[in-house]
Amino acid sequence: MTSHTTPAGPAAGPRAARRRLFRELLLVAGLFTVYKAGRMLSTGRTDEAFRNAGWVWDAERTLHLPGEGLVQGLLLHGETLVRTANTYYAGVHFPATALFLVWLYARRPAHYLWARRVLVVLTGAALALHLAFPLAPPRMLGTAHLVDTGQVYGPTVYRAAPAADTMANQFAAMPSLHFGWALMLALGMMAATRSRLRVLWLLHPLVTLLVVVGTANHYWLDAIVTTVLLGAALSLIPRPAAPAPAADAGRPGIAETSGTFEASEASATRAADGGGAGVSGGAPGAPDASAAVPVRRPPRPRGERAAVGAGR
């Protein structure tokens, strides 16, 4: 007898996935808008920003940190090199972070929730520090004797006069979210994948660090403070379990993870509250391990095997 009943799950799955995706897009866009608007609140505190810049510069010399000019001197050996560094600073930061979140959302829902929460905490802490401690970047500090590579060689995302820049707050150098987001991207990809070469993701924050310092947009201390803030965020938000070694084999898409995203979110929430067993790190949509255990049939009696053999 054949049943003609159509299950409601497959029909509702794609719609539910689209709703969740739309909700995530709105959430991330809203948080980013709040952050950008909040940064602009400290744009008029020029004198304070330059006083803080002098204090940071002196603190770095007291701590015997290498001068930012050491990295910039290497970049200035060739115009192509310094232009490449400026392009990396202007064009990689946001797209790389967005692709990182999109990939996690599609392939590792539990790791996406973890990474999103860490980035929100890190960015919120950075915004608070931007408002409490406005800081002029080293390219503006006369004592540093550094070149504003963006203005001299291009490309740049900033206007020459900070007061005329309505799209960015140039006095928000501490901490460096360029470096913080890049470091989280590397750590997130290392946690969400099983490749033996995943340690190479650390090249992204390393290159980012050399770029933000060499272009005189950030001090060394900006990156150090960001690392401390990221470490605090990581300690507050529990990381999901590592993916299974075969997690990349199936390559499930967003539609296939529609049924697992809510489960991952609920499990991650329970882990964050300390009341659950944590988030499963298996591949989205993977069957339960208990269902894959083979069932062994009892051996046939000797007489029955003999009878079967005789009847061939």
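**Entry 1: the chain**

I read along the sequence and found the pattern α-α-α-α-α-α-α-α-α-α-α-α. The protein chain has 12 helices and zero strands. Helices (H or I, at least four residues) and strands (E, at least two) are DSSP runs, numbered from the N terminus. I note that this is a predicted model, where local features need pLDDT of at least 70, side-chain atom pairs count only at pLDDT 80 or more, and totals for chains, interfaces and linings use all residues. Residues are numbered from 1 along each chain as its sequence is written, and side-chain values use heavy atoms, with hydrogens and water left out.

**Entry 2: H4 and H9**

I looked up helix H4 (residues 79-91) and helix H9 (residues 203-214). They pack at an angle of about 115°, with their axes 9 Å apart. Axes are lines fitted to C-alpha atoms, for helices over the stretch in contact, and angles run from 0 to 180 degrees between N-to-C directions. H4 and H9 are therefore roughly perpendicular to each other (65 to 115 degrees).

Next I listed the contact residues (heavy atoms within 4.5 Å). H4 brings Ala85, Tyr88 and Tyr89. H9 brings His204, Val207, Thr208, Val211 and Val212. I sorted the contact of H4 with H9 by class: six residues are nonpolar, two are polar and none is charged. Ala, Val, Leu, Ile, Met, Phe, Trp, Tyr, Cys and Pro count as nonpolar, Asp, Glu, Lys and Arg as charged, and the others, Gly among them, as polar.

**Entry 3: burial**

Of the 312 residues in the protein chain, 40% are buried (under 20% relative accessible area, 1.4 Å probe, protein chains only).

Technical notes
Parallel < 35°, antiparallel > 145°, perpendicular 65-115°, else oblique. Buried < 20%, exposed > 50% of the residue type's maximum accessible area, 1.4 Å probe, protein only.
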